[in-house]
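Hi,

Here is the structure I promised to pass on.

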Amino acid sequence: ETMTASVTGYEIDEEGNTDIPAELVIPSEIEYDGKNYPVRIVSDYAFSECPTLRKITLPETIEYMGGYAFESAAYLETVIIPETIEFTEFGTNVFDGTPALGYLAENSEDGAVILGKNVLFAYLGDSKSYTVPEEIDIIADSCFFLSGVEEIILNSNITEIRPYTFASCRNLKEITIPEQVMYIGPNAF
């Protein structure tokens with residue numbers, strides 16, 4: 001009853017080829033041994049360095065996005081993440097080394113790249129002040145890296161400030177940190 005499925009990776013044959021198509025749609029469930037299991041996890045490094053992937057569509061059932069899941073997938077341009085997804089965890093450097101950030105930024109409002117319902121992935125806006133929306137409870141590592149923001153107001157749902165969240169924010173003068181924050185990661189500021 002509580003069993004789920006995870007996307008763990010891909011295989012490369014002896015010639016360096018993979019059977020991952022350029023456009024991949026991860027199903028919301030898989031059948032195994034006559035039973036259906038919801039796909040809830042994209043594991044750490046699952047598509048890291050994938051040489052063929054250009055577009056990925058995630059199902060609404062995903063709850064966990066592993067660290068480095070798509071890192072250095074050099075041709076990954078398009079990422080479709082339903083707005084209804086509510087992540088329980090979002091890993092480190094998920095899209096590093098991919099052109100996908102540009103796609104995600106194009107679809108953002110006010111420079112804030114929000115994934116699913118609750119992950120503030122990146123802030124690329126030019127406003128000097130930014131208030132994290134109430135529905136956000138995960139701010140991705142390096143979210144504000146090198147931004148010109150001067151003031152940040154975190155909402156009461158934020159319980160941790162992850163590594164490098166505000167690294168190299170040379171103009172940051174004021175931040176409102178709620179009492180609920182129990183962890184501030186290395187190099188957060």
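A quick convention before anything else: contact means heavy atoms within 4.5 Å. Two more bits of housekeeping. This is a predicted model, so to speak of local features I need pLDDT of at least 70, and side-chain atom pairs count only at pLDDT 80 or more, while totals for chains, interfaces and linings use all residues. Residues are numbered from 1 along each chain as its sequence is written, and side-chain values use heavy atoms, with hydrogens and water left out.

**Overall picture**

The protein has one helix and 16 strands (DSSP runs numbered from the N terminus: H or I of at least four residues for helices, E of at least two for strands). The C-alpha trace spans about 55 × 40 × 30 Å along its principal axes. For 189 residues, a compact globule would have a radius of gyration near 16 Å, and the 17 Å found here agrees with that (taken over C-alpha atoms; the rule is 2.2 Å times the number of residues to the power 0.38).

Of the 189 residues, 43% count as buried. Buried is under 20% relative accessible area, exposed is over 50%, and partly exposed is in between, with a 1.4 Å probe and protein chains only. If you take contacts between residues at least 6 apart in sequence, 40% of them join residues at least 24 apart.

On charge, there are 9 positive and 33 negative side chains, and the centres of the two sets lie 5 Å apart. Lys and Arg count as positive, Asp and Glu as negative, with His and the chain ends not counted; each charge is placed at NZ of Lys, CZ of Arg, CG of Asp or CD of Glu.

**Cysteines**

How many disulfides are there? The count comes to zero, where a disulfide is a pair of cysteine sulfur atoms within 2.5 Å. Take cysteine 169: the closest cysteine sulfur, in cysteine 143, is 9.0 Å from its own, too far for a bond. Cysteine 169 is buried at 10% relative accessible area, and cysteine 50 is buried too, at 1%.

**Two positive phi values**

Most residues other than glycine have a negative phi. Tyrosine 68 has a positive one, near 60°. This tyrosine is in the loop between strand S6 (64-65) and S7 and is partly exposed, at 25%. Leucine 146 also has a positive phi, about 65°. Leucine 146 sits in the loop between strand S12 (138-139) and strand S13 (151-153), and with a relative accessible area of 55% it is exposed.

**Serine 168 and the threonines**

Which residues does serine 168 touch? Leaving aside neighbours within four places in sequence, serine 168 is in contact with Phe145 and Leu146. Serine 168 is in the loop between strand S14 (160-161) and strand S15 (174-176) and is partly exposed at 32%. Its C-alpha is separated by 9.5 Å from that of asparagine 187, 19 residues apart along the chain.

Threonine 78 belongs to strand S7 (residues 78-80) and is buried, at 19%. Not counting residues up to four places away, threonine 78 touches Arg54, Lys55, Ile56 and Tyr103.

Threonine 2 lies in the segment before strand S1 (5-7) and is exposed at 74%.

Cheers
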